[in-house]
Amino acid sequence: LNFSGGNYGLGGGFTLITLRSRYVFWEIARIHATGYRNIVAANAKTMVGIPFFFDPLNRNELRFSIGLSGGFTNSWSGEEEDFDFDYGSFFNLPIEISYVFYADKYFAFQMGFSVDFPVWYFGGFLPVFNGFIGFRI
């Protein structure tokens, strides 16, 4: 579970399933959404990455990951929600860097930064930048 903020507003997300080993991790299903007034980003993601551990107990970890995301990333003009979109994306390439501190075997704190680059989009699309902080169970 994390809380985030960026150029698409405030929001949050959660990871449903993560598989990890010492050399690779795979976040199979993640949901993330941010928004503010007439701009919103809501996507489902899958991420694969490499962890780097800084101590022999594997409690401090730096993660680099890349993945695929799909969903609803759009902006529209005016105050009415007429869904006449100025720009948008339905398929993105997310890249993320995060730090994880394992407080216990089944509980960790995480903070990081992510960017979702558009792959399938229309209009002058703006990538989604997010900083986040949260915890993992």
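How many helices and how many strands are there in the chain? The chain contains zero helices and eight strands, where helices (H or I, at least four residues) and strands (E, at least two) are DSSP runs numbered from the N terminus. Along the sequence the pattern reads β-β-β-β-β-β-β-β. The radius of gyration of the chain, taken over C-alpha atoms, is 16 Å, close to the 14 Å that the globule rule gives for 137 residues, so the chain is as compact as a globular protein of that length; the rule is 2.2 Å times the number of residues to the power 0.38.

The model is predicted, local features need pLDDT of at least 70, and side-chain atom pairs count only at pLDDT 80 or more, whereas totals for chains, interfaces and linings use all residues. Residues are numbered from 1 along each chain as its sequence is written, and side-chain values use heavy atoms, with hydrogens and water left out.

Along the principal axes, the C-alpha atoms fill a box of roughly 55 × 25 × 20 Å. Of the 137 residues, 36% count as buried (under 20% relative accessible area, with exposed over 50% and partly exposed in between; 1.4 Å probe, protein chains only). Asn-2, located in strand β1 (residues 2-6), is buried at 15% relative accessibility. Beyond its neighbours within four places in sequence, Asn-2 is in contact (heavy atoms within 4.5 Å) with residues including Gly-11, His-32 and Phe-132.

The largest pocket holds about 490 Å³ of space. A pocket is an open set of points on a 1 Å grid over the protein atoms alone, with protein on both sides within 12 Å along at least five of seven lines; a cavity is a set where a 1.4 Å probe fits but cannot get out, and lining residues have an atom within 4 Å of a point. The pocket is lined by 28 residues, of which Thr-15, Thr-18, Phe-135, Arg-136 and Ile-137 lie nearest its centre. Strand β2 gives the largest share of this lining, seven residues. By class, the lining of the largest pocket comprises eleven nonpolar, nine polar and eight charged residues.

One cavity of 30 Å³ or more is found in the whole structure. The lining of the largest cavity consists of His-32, Thr-34, Ala-41, Asn-43, Lys-45, Asp-116, Val-128 and Asn-130. Strands β3, β4 (39-53) and β8 each give two or more residues to this lining, and the largest share, three residues, comes from β4.

Definitions and conventions: Points joined across faces, edges and corners; volume = space filled by probe spheres on them. Nonpolar A, V, L, I, M, F, W, Y, C, P; charged D, E, K, R; others polar.
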